[in-house]
Amino acid sequence: MRLITIALAALLVLIQYPLWLGKGGWLSVADMQNQVETTRIKTEQLAARNSKLDSEVDDLTEGTGAVEERARYDLGMIKQNEIFVQVLRKNEIPVESMTVPPPPPPPKPGAKPAGAAAH
């Protein structure tokens with residue numbers, strides 16, 4: 001009787017081994033599910049990045065808004081007759097503008113010269 005019990009227990013262990021530790025066992029399936037989830041999350045992040053890049057490419061090829069924005073922020077350029085105001089934080093170095101400043105407006109007729117003192 002004891003021998004039959006030991007043999008049945010051994011068979012039970014042998015049957016359970018592939019279920020838990022075999023190639024298609026529960027542990028390997030759980031590990032593969034974790035890998036699939038990790039890959040899915042990374043794929044979603046890359047898809048969002050690709051979508052953003054596609055949008056930026058469309059803006060650069062079809063419109064002037066993205067080009068203008070890049071010129072303003074990356075190169076410090078401004079439009080003609082536009083006033084540039086730069087607000088700096090403490091210890092921040094100002095950005096040097098690549099745009100040539102416009103000439104001063106011509107004096108109005110009858111106006112006093114800038115160097116003359118009022119009496």
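Biologist: Which elements each supply at least two residues of the negative patch?

Modeller: Those are α2 and α3 (65-75). The largest share, 4 residues, comes from α2. Please keep in mind that this is a predicted model, in which local features need pLDDT of at least 70 and side-chain atom pairs count only at pLDDT 80 or more, while totals for chains, interfaces and linings use all residues. Residues are numbered from 1 along each chain as its sequence is written, and side-chain values use heavy atoms, with hydrogens and water left out.

Biologist: What makes the surface patch a negative one?

Modeller: Its members are Asp54, Asp58, Asp59, Glu62, Glu69 and Asp74. Asp and Glu count as negative and Lys and Arg as positive, whereas His and the chain ends are not counted. Every name in that list is an Asp or a Glu, so the patch is called negative. To belong to a patch, a residue needs over 30% relative accessible area and no salt bridge; like charges are joined within 9 Å, and nonpolar side chains (Val, Leu, Ile, Met, Phe, Trp, Tyr) within 5 Å. The charge is placed at NZ of Lys, CZ of Arg, CG of Asp or CD of Glu.

Biologist: Why is Glu62 called exposed?

Modeller: Let's set its value against the cut-offs: buried means under 20% relative accessible area, exposed means over 50%, and partly exposed is in between (1.4 Å probe, protein chains only). Glu62, which sits in helix α2, has 70%, so it is exposed.

Biologist: What makes the other patch, with Tyr17 and Trp20, nonpolar?

Modeller: That surface patch consists of Tyr17, Leu19, Trp20, Leu21, Trp26 and Leu27.

Biologist: Is Tyr17 exposed or partly exposed, and why?

Modeller: Tyr17, a residue of helix α1, has a relative accessible area of 49%, so it counts as partly exposed.

Biologist: How do you know that Arg40 forms a salt bridge with Glu37?

Modeller: A salt bridge is a side-chain nitrogen of Lys or Arg within 4 Å of a carboxyl oxygen of Asp or Glu. For Arg40 and Glu37 the closest N and O atoms are 2.3 Å apart, so the pair passes. These two are 3 residues apart in helix α2, which means about one helical turn separates them. Arg40 is partly exposed at 35%, and Glu37 is partly exposed at 36%.

Biologist: What makes Glu37, Arg40 and Glu44 a network?

Modeller: Arg40 also meets Glu44 in a salt bridge, at 2.4 Å from N to O. Arg40 takes part in both bridges, and the three residues are linked. Glu44 and Arg40 are 4 residues apart in helix α2, about one turn. Glu44 is partly exposed too, with 46%. The count for this rule is 2 salt bridges.

Biologist: How do you know which parts of the chain are helices?

Modeller: DSSP runs decide: helices are H or I over at least four residues, strands are E over at least two, and numbering starts from the N terminus. The protein chain has 3 helices and 0 strands, so its order reads α-α-α.

Biologist: What makes Asn91 stand out?

Modeller: Asn91 has a positive phi of about 65° although it is not a glycine. Asn91 lies in the segment after α3, and with 77% relative accessible area it is exposed.

Biologist: Where is confidence lowest and where is it highest?

Modeller: On pLDDT, the predictor's confidence in each residue from 0 to 100, α3 is lowest with a mean of 77 and α2 is highest with 91. The chain averages 81, and 87% of the residues score at least 70.

Definitions and conventions
Areas by Shrake-Rupley, 256 points an atom, 1.4 Å probe, with all protein chains shown as cover.
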